[in-house]
Amino acid sequence: MSFGSVAIIGLGLLGGSVGLALKEHLPQVATTGFDADPATRARAAERGLVGTVCESAAQAVADADLVILCVPVGAMAAAARDIAGSLKAGAVVSDVGSSKQFVAEALAAALPGVAIIPAHPVAGTERSGPDAGFASLFHNRWCIITPPEGANEAQVEALSALWQALGAKVEIMDARHHDMVLAVTSHLPHLIAYTIVGTASDLEGVTESEVIKYSAGGFRDFTRIAASDPTMWRDVFLSNKDAVLDMLQRFTEDLTALQRAIRVGDGQQLFDHFTRTRAIRRSIIEEGQDDARPDFGRSDHG
Ligand code: NAP
């Protein structure tokens, strides 16, 4: 099976990128879309993020074989309720939310009897809104699909094929495992970035202009992550609470170990630790998940 028509609910960074990628890679697929914000709907129509921008979620999903919810995690239940009575018979409902157990439960409660196959494309930027999306966002990035027990295999395969057509590599995973993996690879790094940027801006002995002036020392790399959408990230932490708190506990213990090494002057421990982390950066580049050039290739752009 394959999907002949796709409805996208939420036309921001993710929804817009899915729409543009479908237009580029699967032009035969009819696309409709809806966003709660009228200004976003108008901009989505101007940019051609989907074939038809509709005035209601119900109208957008009426003829869709696949519905992809691209709203913040905390808005998933409301978005699902809005389409509950309007889905085409046999339609599949998926999403792009960053935490998966919470979303799976919210969608199952709002859409009883509907085929739900949650997914999370691990691709994004710090930008949001209808101007942020671009067609190549998913190229060579992973999309993790978390089918619930008993999901229809043909539907899971059709969803995998769709993401692969958009340029993504697909992995099938249990929702609980997804939430643990993403807690350490994405959610914790965001929490650390939000913390450190806040700490630097609250310092009394160092001025804000000094923090900005000397940011190339490392600080500015955290500011990109800490500029991420506040609504999205509030919802991620509230919805993946247990896994994030677990990873945060481990992180705190490791930080304390490094703190001790500095205090007692254990240079060997620091050196060994930094050698191990440098190797992880090399593996990420070998996997094609980042730019191999020094300073993320930034110095090449002047
Ligand atoms: P975004 O750019 O802010 O877009 C979300 C859009 O959904 C906004 O235009 C929002 O309108 C709209 N919306 C909110 N509630 C709605 C509802 N009930 N019905 C219809 N539209 C609604 O956010 P995004 O970055 O695309 O994130 C969307 C989802 O993708 C989130 O679940 C996030 O966890 C996931 N994700 C994000 C990234 C990333 O890097 N950004 C990566 C992977 C996955 P208002 O602005 O008016 O609320």
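Predicted model: local features only at pLDDT ≥ 70, side-chain atom pairs only at ≥ 80, totals over all residues.
Residues are numbered from 1 along each chain as its sequence is written, and side-chain values use heavy atoms, with hydrogens and water left out.

User: In what order do the six strands form the open sheet?

Analyst: Strands here are DSSP runs of E of at least two residues, and helices are runs of H or I of at least four, both numbered from the N terminus; two strands pair if DSSP finds at least two bridges between them. The edge strands, each pairing on one side only, are β3 (52-53) and β6 (115-116). The pairing is parallel, and the order is β3-β2-β1-β4-β5-β6.

User: Which residue of β5 stands opposite V67?

Analyst: Strand β4 (residues 66-69) runs parallel to β5 and is joined to β5 by four bridges. On β1 (residues 5-9), which also pairs with β4 in the parallel sense over four bridges, A7 stands opposite V67. In β5, the residue opposite V67 is V93.

User: Which residues of strand β5 point the other way from V92 and S94?

Analyst: In a regular strand the side chains alternate between the two faces of the sheet. In β5 (residues 92-95) all four are buried, where buried means under 20% relative accessible area, exposed over 50% and partly exposed in between, with a 1.4 Å probe and protein chains only. V92 and S94 point one way, and the other way point V93 and D95.

User: How many disulfides does a search of the whole structure find?

Analyst: A disulfide is counted when two cysteine sulfur atoms lie within 2.5 Å. For C54 the nearest cysteine sulfur, that of C70, is 14 Å away, and for C143 the nearest, again that of C70, is 11 Å away. C54 is buried at a relative accessible area of 5% and C143 is buried at 0%. The number of disulfides found is zero.

User: Is S215 buried or exposed?

Analyst: S215 lies in the loop between α8 (208-213) and α9 (219-226). Its side chain reaches the backbone oxygen of I212 at 3.0 Å. Because the relative accessibility of S215 is 14%, S215 counts as buried.

Key. Polar contact = N/O pair within 3.5 Å; in protein donor to acceptor, adjacent residues only side chain to side chain.
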